[in-house]
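Colleague: I have the model open, and I'd like to pick apart some of the labels you put on it. Give me the value, then the rule behind it.

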Amino acid sequence: MGAQTLDAIQLEVFRHLFTALAEEMGASLKRAAFSPNIKERRDYSCALFDPRARAVAMGDHMPVHLGAMPMSVSQALEALGDLAPGDVACLNDPFRGGTHLPDITFIAPVFWSNMGKDGASHSETQRILGYVASRAHHSDVGGIRPGSMPLAEEIYQEGLRIPPIRLWEGGRRNDGVWDLIMANVRTPEERAGDLSAQLAALHTGATRLREIADKRSADLTLSAMDALVEYADRMVLEGLRRIPPGRYDAEDWLEDDGFGSGPIPIRVALTASDDGLEVDFQGSGDQTRGGVNAVSAITSSATRYVVRVVVQALLDESLPAGGGSMRHVRIRMPEDSVVNASPPASVAAGNVETSQRITDVLLRAFAKALPGRMPALSQGTMNNMAMGGIDPRSGAPFTYYETVGGGMGAGPRGAGLSGVHTHMTNSLNTPIEALEHAYPFRVARYEIRRGSGGEGAPPAGSHRGGDGLRRDLELLAKAEVTLLTERRTAGPAGMAGGEAGAPGENRRIRHGEEEILPGKVTFHAEPGDVISIRTPGGGGWGEPETDLDE
């Protein structure tokens, strides 16, 4: 049978079925995971793709993961050819559709055949319904520092790099490759548990998709996928056409790359027209020695996120969870730049820090196109902490990774939230109980940084930015510590006359003496040292008061 036409009600039913499938994949991954970073912080993402590798549905997970996933699926299929039943592709290579090395992606095809009441197949061949994918941030994938988020000068120092490979083939695990991965990480038992949880998420998604096809037919299911992608693309174009035609420029800066280079500019020019939107990053800084380089998948992901947010605001209606193919958005990225790095650039912080700055500069540009509609800048950093050593309680290695929430920028409709993850991250702060149970840490202080959010401009009715956090971790063991943070010299800008939020601070407290640390640093810590992370507040929002007699 050919493609079938769906009415609006059928399309909405399928939209929710596919979204629920992706959400259930995430719930399965969370329940089965071993590491606190995945189980507690939910640093994972799951998605459904059609047979043409177009995103159909995504869970309410990590924008930086989800926007890059279509490139991962396309790269895997290009490298490996058709995936057969029982195959699972695996990759983390940032230059082959990945983001940074700790993010490992699994991709599996989903096949369906018509089964009669007797259980026998009534189709000579199985039909592919699409692909399910799961991505999770692993707390260690090797490299020169525990946690695999080091201050590195090339990607080879950051950890094990996995090009697209079949980790399972015909349902059988490739034990040679599996053993190779486990031999190159510091915590192989935890890695094995988390990777197995990702496999479980694929099984959940595949099972649900086949159930949908069993109940509603494969033809209708495939037609619904096509219709949802096309519907989302039409909505994106309609939203973009509500932007006044013209060119809108903006720029912002990364403070440094950890090796003395900085500030590093990120520039964008938006050109809105009846055909859609061109996003040109020409003029952005060259790729750097340090790991703030973003690969093309990251820049595409951040652009996809911001366009989606802006379109939904303009239409006052949510896009389908997949967001469409974004075929009406054309992105230009200069080669060998901080927004489109080439091998062997180090890229660990490009995923977590540069993605946030790309988001900020895009919001600044859209604010010129749509005055009074865009929010102030949020904290603009993920406040990355990575550390590891030997846990004295077990004598075994431990690796810890976390991002810490901060202030959300205020907007025209209200104040920013405090102590939350914003924009390209959508994770949680690890609960104190989970931290102290899993690691040789004691949480010495954990509180909101009152007053760190920027004030809105008068008159009354303007809005204040959210406040940042302060979290002090006392180490109970020796550890190698890496911090990758931004917005330490200047806080996030306000919008429409609002004040900037307070910048963040990194400190080490030893014997009561506080030492101010750089935004990006690696150091050795002793038992009793306290690592104090104080995150930025969000910018304020408010139109300045004008004198009507002037």
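Colleague: What volume does the second largest pocket have?

Modeller: About 490 Å³ for the second largest pocket. That number is the space filled by probe spheres set on grid points, with points joined across faces, edges and corners. Mind that this is a predicted model: local features need pLDDT of at least 70, side-chain atom pairs count only at pLDDT 80 or more, and totals for chains, interfaces and linings use all residues. Residues are numbered from 1 along each chain as its sequence is written, and side-chain values use heavy atoms, leaving out hydrogens and water.

Colleague: What makes a set of points a pocket, and what makes it a cavity?

Modeller: Both come from a 1 Å grid over the protein atoms alone: in a cavity a 1.4 Å probe fits but cannot get out, while a pocket is an open set with protein on both sides within 12 Å along at least five of seven lines. A residue belongs to the lining if it has an atom within 4 Å of a point. For the second largest pocket that gives 24 residues, with Asp60, Pro63, Leu66, Tyr305 and Arg308 lying nearest its centre.

Colleague: Which helices each supply at least two residues of that lining?

Modeller: α1 (8-32), α3 (63-66) and α8 do, and α8 has the largest share, six residues.

Colleague: How does the lining of the second largest pocket divide by class?

Modeller: Seven nonpolar, 13 polar and four charged. Ala, Val, Leu, Ile, Met, Phe, Trp, Tyr, Cys and Pro count as nonpolar, Asp, Glu, Lys and Arg as charged, and the others, Gly among them, as polar. The largest pocket, about 640 Å³, has a lining of 13 nonpolar, eight polar and three charged residues. There too α8 gives the most, with six residues.

Colleague: α8 keeps turning up, with Thr303 in it. Why is Thr303 called buried?

Modeller: Its relative accessibility is 2%. Buried means under 20% relative accessible area, exposed over 50% and partly exposed in between, with a 1.4 Å probe and protein chains only, so Thr303 at 2% is buried.

Colleague: What is Thr303 in contact with, beyond its neighbours within four places in sequence?

Modeller: Val279, Phe281, Val329, Ile331 and Leu362, where contact means heavy atoms within 4.5 Å.

Colleague: How do you know that β8 and β9 pair?

Modeller: DSSP has to find at least two bridges between two strands; β8 and β9 (264-273) have nine, and they run antiparallel. Asp249 stands opposite Ala269 in β9. The open sheet has the order β8-β9-β10-β11, with mixed pairing. Its edge strands are β8 (246-254) and β11 (329-332), each pairing on one side only.

Colleague: What packs on that sheet?

Modeller: Helix α8 (296-315), touching β10 (276-280) and β11, with its direction at about 145 degrees to that of β11. Such angles run from 0 to 180 degrees between N-to-C directions, and axes are lines fitted to C-alpha atoms, for helices over the stretch in contact.

Colleague: Why are β14 and β18 at the edges of the other sheet?

Modeller: That open sheet runs β14-β15-β20-β17-β18, with antiparallel pairing. β14 (441-449) and β18 (513-517) each have a single partner strand, so one side of each is left without a neighbour in the sheet. Further in, β17 (505-510) and β20 (530-534) pair over five bridges, with Arg507 opposite Ser532.

Colleague: Which backbone spots did you flag as cis?

Modeller: Gly262 to Pro263, with omega near -5 degrees, and Pro343 to Pro344, with omega near 5 degrees. Pro263 lies in the loop between β8 and β9, Pro344 in the one between β11 and α9.

Colleague: What makes the phi of Met326 worth a flag?

Modeller: Phi there is near 55 degrees, a positive value in a residue other than glycine. Most residues other than glycine have a negative phi, and most peptide bonds are trans. Met326 is in the loop between α8 and β11, and at 9% relative accessibility it counts as buried. Ala496, in the loop between β16 (479-484) and β17, also has phi near 55 degrees.

Notes:
Helix = DSSP H or I, 4+ residues; strand = E, 2+ residues; numbered from the N terminus.
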